[in-house]
Amino acid sequence: MANHVSMKQAVGFNFIAKYSVVIIQLAYNAIMARLLLPEEFGVVAILSVFTNFFTMLADFGIGNAIIQRQDVEKKDIDSLFLFALGIGLVLSFIFAILSLPIAYFYNNEAYKKLVPILSIAVLFNTISSIPASLLLKQKKFKIVAIRQVII
C-alpha cells in the first residue's frame, strides 16, 4: 500500500487535513483576539494578509508541474529546488524591504521589526513546495495531511 491509495482514502485525508486546519486557525484567532489588544490584533491581521499575498506569489506552478510530469528526474528536481530557493529569496527580500513603506502607510513602527521576521516564513514556504509536491506525486496523502495540520 506504499504507493497505492484509494480515491476514498485520498479524499478522506484531504478532507480531514483541510478542516483540521480551519478549526485550528479559528481557535488560534479566537485566542489571539482574547490575548491581544484590538490594535495589536489588527497588526496581526494585516501581517497575515501580506504574508498570504507573498505566499500566493511564490506558488508559481512548479509543484503542479512536478506532479503532472511522469519523467521528472533527480537533476530536474534539484534544479527546480534551486529555482524555488532563488524565487523565495527574492520574494523574502522584497517583503522585508517593504517593511518601511508598510510601517509608514499604517503609521506603526511595529511593522519595521515584524515584516522582516515574517519574510523568513515566505522563504521557507516557497522552498517547501517542492518536497510537498513530491509527496503528492508519490501519493503519500496521509503524510501530506499530517504536514498541513502541523504547519
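This passage describes the packing of helix H6 against helices H4 and H5 in a predicted model. Residues are numbered from 1 along each chain as its sequence is written. Local features need a pLDDT of at least 70, side-chain atom pairs count only at pLDDT 80 or more, totals for chains, interfaces and linings use all residues, and side-chain values use heavy atoms, with hydrogens and water left out.

The chain averages a pLDDT (the predictor's confidence in each residue, from 0 to 100) of 89, and 97% of the residues score at least 70. Helices are DSSP runs of H or I with at least four residues, numbered from the N terminus.

Helix H4 (residues 74–97) packs on H6 at an angle of about 160°, with the axes 8 Å apart; axes are lines fitted to C-alpha atoms over the stretch in contact, and angles run from 0 to 180 degrees between N-to-C directions. H4 is therefore roughly antiparallel to H6, a term for angles over 145 degrees. In contact (heavy atoms within 4.5 Å) are, among others, Phe81, Leu85 and Phe95 of H4 with Val115, Leu118 and Val122 of H6.

Helix H5 (residues 99–106) and helix H6 (residues 110–127) pack at an angle of about 145°, their axes likewise lying 8 Å apart. On the H5 side, Ser99, Leu100, Ile102, Ala103 and Tyr106 take part, and these meet Tyr111, Lys112, Val115 and Pro116 in H6.

Technical notes:
Helices (H or I, at least four residues) and strands (E, at least two) are DSSP runs, numbered from the N terminus. Angles under 35 degrees count as roughly parallel, over 145 as roughly antiparallel, 65 to 115 as roughly perpendicular and the rest as oblique.
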